[in-house]
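Take the sequence and the model together, and follow the chain through a few of its helices, a strand and some single residues. The text below goes through them in turn.

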Amino acid sequence: MAAGEPVYLDHNATTPVDPEVVAALTPYLSVHFGNPSSAHEFGRVARQAVDRAREQTAALIGAVPDRLVFTGSGSESNALAIHGAALGPHQSYRRTIVTQATEHPSVIETCQILWRRHRIRVVVLPVDESGRVDMVRARAAIDERTLLVSVQLANGETGTMQPVDELARIAHEHGALMHTDACQAVGKVPVDATALGVDLLSLAGHKMYAPKGVAALYHRPGLNVEPLVPGGGQEGGMRCGTENVPYLVGLGTASEIAARRLPADGERLRALRNSLFEDLRRGLGTRVRLNGNGNHRLPNTVNVSIEGCDGRALLAAMPDLAASTGSACHAGATDGSPVLLAMGLSRTRARAALRLSLGRGTSAADVHRAADMIVQSAGALAPVT
């Protein structure tokens, strides 16, 4: 960040739009304004842009372009995947969805709606203290009655990554479908939908330097899902409505940039992440405790609890640090992050948590400055008991 600006360490909440993305999408706000469904030249230019964006985005996750459905958000992609799989006629004899305790609210709430409205049973798997799914319980829960397993690839609060490929193998052994919410992972780590073995995969643009309000759902060849938005046949009839061409161009461009930068960015962010944690440990000693899995974790994410501190009070004391105490979707939680509580952490430790998520623009100077602010503020605050 520029000198004097607040340090932004909340990239898991949202990322700034990459300047290259802005440049690519801007002409489609004014000059190339056509409707992709129109037969004239303006429509053809818009259609070509949508097709190109689909190719770029699919390439980032190793998918065939025509298996990608564009949506308006990661939450919509999750809802389309879960509703669409659960209500499809080929799954009518299966009545159980298996998910896990630290999923994004869009997954948990969609599953609960299916229970309330359609009496589709929901099994919520527990996680261990690092946030990883209990695989013994998973193997016991997934059986011939399971229609869908939905487990995220990476958690946005702790960065903990789940063994989605192993879960997909178990699901398929029993004839069930596998969905993963990969919104926090795509663009940060290599993701290959085919290698993972998933049937459905969600991704979101604003987690990878594209605008908010654009996302996608991958569905494997041979699988179609019931649409949430029927209408004029756009997106293969799976998500109807006139396409948001500028933002789709933005998503495609962001995907191409991410594919190009992934190896170097991952290595750099992992080094900065580790440096940040070490700075905190040097300044605060054993008061700092890592939340999440030390090995299976996003390269940009540090979630720590600082003993004797309240996370909200600590952030309020640091106006020059933009970070969070957890997911933006859980911003109103007063007893601590539901994710950390589901991991078995105490309410005191959950309330003491900070999520620090680094990004493309984060420098070593930003990391050291952030650590200094946290150490000084944690030392100045009255201890919380």
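A residue is called buried when its relative accessible area is under 20%, and exposed when that area is over 50%. The model is a predicted one.

Begin with the cysteines. Cys111 has a relative accessibility of 0%, so Cys111 falls in the buried class. Cys240 has a relative accessible area of 7% and is therefore buried as well. How many disulfides does the structure hold? The number is zero. A disulfide would require two cysteine sulfur atoms within 2.5 Å. For Cys111 the closest cysteine sulfur belongs to Cys183, and a bond is ruled out because the two sulfurs are 15 Å apart.

Helix H4 covers residues 74-86 and helix H5 covers residues 105-118; their axes are 9 Å apart and meet at an angle of about 30 degrees. H4 is therefore roughly parallel to H5, since angles under 35 degrees are placed in that class. The crossing of H4 past H5 is right-handed. On the H4 side the contact involves Ser75, Asn78, Ala79, Ile82, His83 and Ala86, while H5 contributes Ser106, Val107, Thr110, Cys111, Ile113 and Leu114.

How much of H4 is covered? Of its 13 residues, 12 are buried, which leaves the helix mostly covered. From the first C-alpha to the last, H4 reaches 18 Å, close to the 18 Å expected at 1.5 Å a residue.

Strand E5, residues 146-150, contains Ser150. With a relative accessible area of 0%, Ser150 is buried. Leaving aside residues up to four places away in sequence, Ser150 touches Ile82, Val98, Thr99, Gln100, Glu103, Val107 and His179.

Helix H3 runs over residues 41-60, and its 20 residues should span 28 Å at 1.5 Å a residue; the end C-alpha atoms are 29 Å apart, which agrees. Buried positions in H3 include Gly43, Ala46, Ala49, Val50, Ala53 and Arg54. Further along H3, Gln56, Thr57, Ala58 and Leu60 are buried too. Which elements do the buried residues of H3 pack against? They pack against helix H2 (27-30), strand E2 (68-71), strand E7 (200-204) and helix H9 (245-284). Just after H3 comes Gly62, with a positive phi of about 65 degrees.

The loop between strand E8 (215-219) and H9 holds Gln234. Gln234 has 13% relative accessibility, so Gln234 counts as buried. Not counting residues up to four places away in sequence, Gln234 touches Ser37, Arg239, Cys240, Gly241, Thr242 and Glu243.

The last stop is Gly4, in the segment before strand E1 (7-8). Is Gly4 buried or exposed? Gly4 is exposed, because its relative accessibility is 66%. His104 lies 100 residues from Gly4 along the chain, and the C-alpha atoms of Gly4 and His104 are separated by 34 Å.

Methods
Residues numbered from 1 in each chain as written. Predicted model: local features only at pLDDT ≥ 70, side-chain atom pairs only at ≥ 80, totals over all residues. Heavy atoms only, no water. Buried < 20%, exposed > 50% of the residue type's maximum accessible area, 1.4 Å probe, protein only. Helix = DSSP H or I, 4+ residues; strand = E, 2+ residues; numbered from the N terminus. Expected span 1.5 Å × (residues − 1). Contact = heavy atoms within 4.5 Å. Axes fitted to C-alpha atoms, helices over the stretch in contact; angles between N-to-C directions. Parallel < 35°, antiparallel > 145°, perpendicular 65-115°, else oblique. Left-handed = near helix turned anticlockwise from the far one by under 90°.
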